[in-house]
Amino acid sequence: MELIFVKRAGKFDELTVVREDGVSETISCPKQGIIPHDMAHYAVESVLAHRGFLSLVQDGLRADFAAQGGDSEAAIERLVETFQAEMWGGRVPVTDLIATYEHACEARGHSVAPISAEDVEAIRDRLDDLSRRWSALALNEQLKLEF
């Protein structure tokens with residue numbers, strides 16, 4: 001599945017999902033001051049083997065689907081949010097990031113997707129690369145990723 005993120009003016013960027021059969025759909029991505037939320041999903045889900053938003057879209061759900069509330073999906077959403085918080089606030093020790101993630105899952109009453117220190121570093125590396133590439137884009141330019 002191909003993901004095409006386009007940097008737009010205004011309050012929204014754009015994501016076009018192109019499935020293996022060539023069918024595509026485009027959704028708006030609210031600007032956050034960092035990479036788009038769904039790009040953070042790519043960083044997490046391309047490193048871990050857990051099912052989240054992009055995995056569900058790859059399996060056939062529409063990209064604009066409402067959250068299903070499944071345990072794995074919720075765990076990945078909390079992890080993406082944890083990495084986004086770190087991107088906004090600055091790097092923390094790996095153990096603190098994992099503890100924050102585990103606390104967020106506990107507070108929401110769902111399980112934690114297993115994540116190691118090596119996974120955290122791999123996701124951070126991917127987020128750093130995506131952030132550099134996204135920042136270098138001019139308005140209306142795109143970043144293509146394979147998932």
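Me: Two strands pair if DSSP finds at least two bridges between them. Over how many bridges do β1 and β2 pair?

Reply: This is a predicted model, in which local features need pLDDT of at least 70 and side-chain atom pairs count only at pLDDT 80 or more, while totals for chains, interfaces and linings use all residues. Residues are numbered from 1 along each chain as its sequence is written, and side-chain values use heavy atoms, without hydrogens and water. Strands (E, at least two residues) and helices (H or I, at least four) are DSSP runs numbered from the N terminus. β1 (residues 2–6) and β2 (residues 12–18) are antiparallel, and the number of bridges between them is five.

Me: Which residue in the turn of the β1–β2 hairpin has a positive phi?

Reply: Five residues lie between the two strands of this hairpin. A positive phi, of about 85 degrees, is found in the turn at G10.

Me: Which residue of β4 stands opposite F5?

Reply: β1 is also joined to β4 (residues 142–146), antiparallel and by five bridges. On the β2 side, the bridge partner of F5 is L15. In β4, F5 faces L143.

Me: How many residues are in the largest nonpolar core?

Reply: Such a core is a set of buried Ala, Val, Leu, Ile, Met, Phe, Trp, Tyr and Cys residues joined through side-chain atoms within 4.5 Å. L3, M39, V44, F83, I115, L130 and L145 touch the most other members here. Beyond four places in sequence, L3 has contacts (heavy atoms within 4.5 Å) that include L15, Y42, L54 and F147. The residue count of the core is 41.

Me: At what angle do α1 and α5 pack?

Reply: Axes are lines fitted to C-alpha atoms, for helices over the stretch in contact, and angles run from 0 to 180 degrees between N-to-C directions. The axes of α1 (residues 37–47) and α5 are 9 Å apart, and the angle is about 145 degrees.

Me: Is D129 buried or partly exposed?

Reply: D129 is in α5 (residues 117–135). A43 is 86 residues away in sequence, with 9.6 Å from C-alpha to C-alpha. Because its relative accessibility is 30%, D129 counts as partly exposed.

Conventions. Buried < 20%, exposed > 50% of the residue type's maximum accessible area, 1.4 Å probe, protein only.
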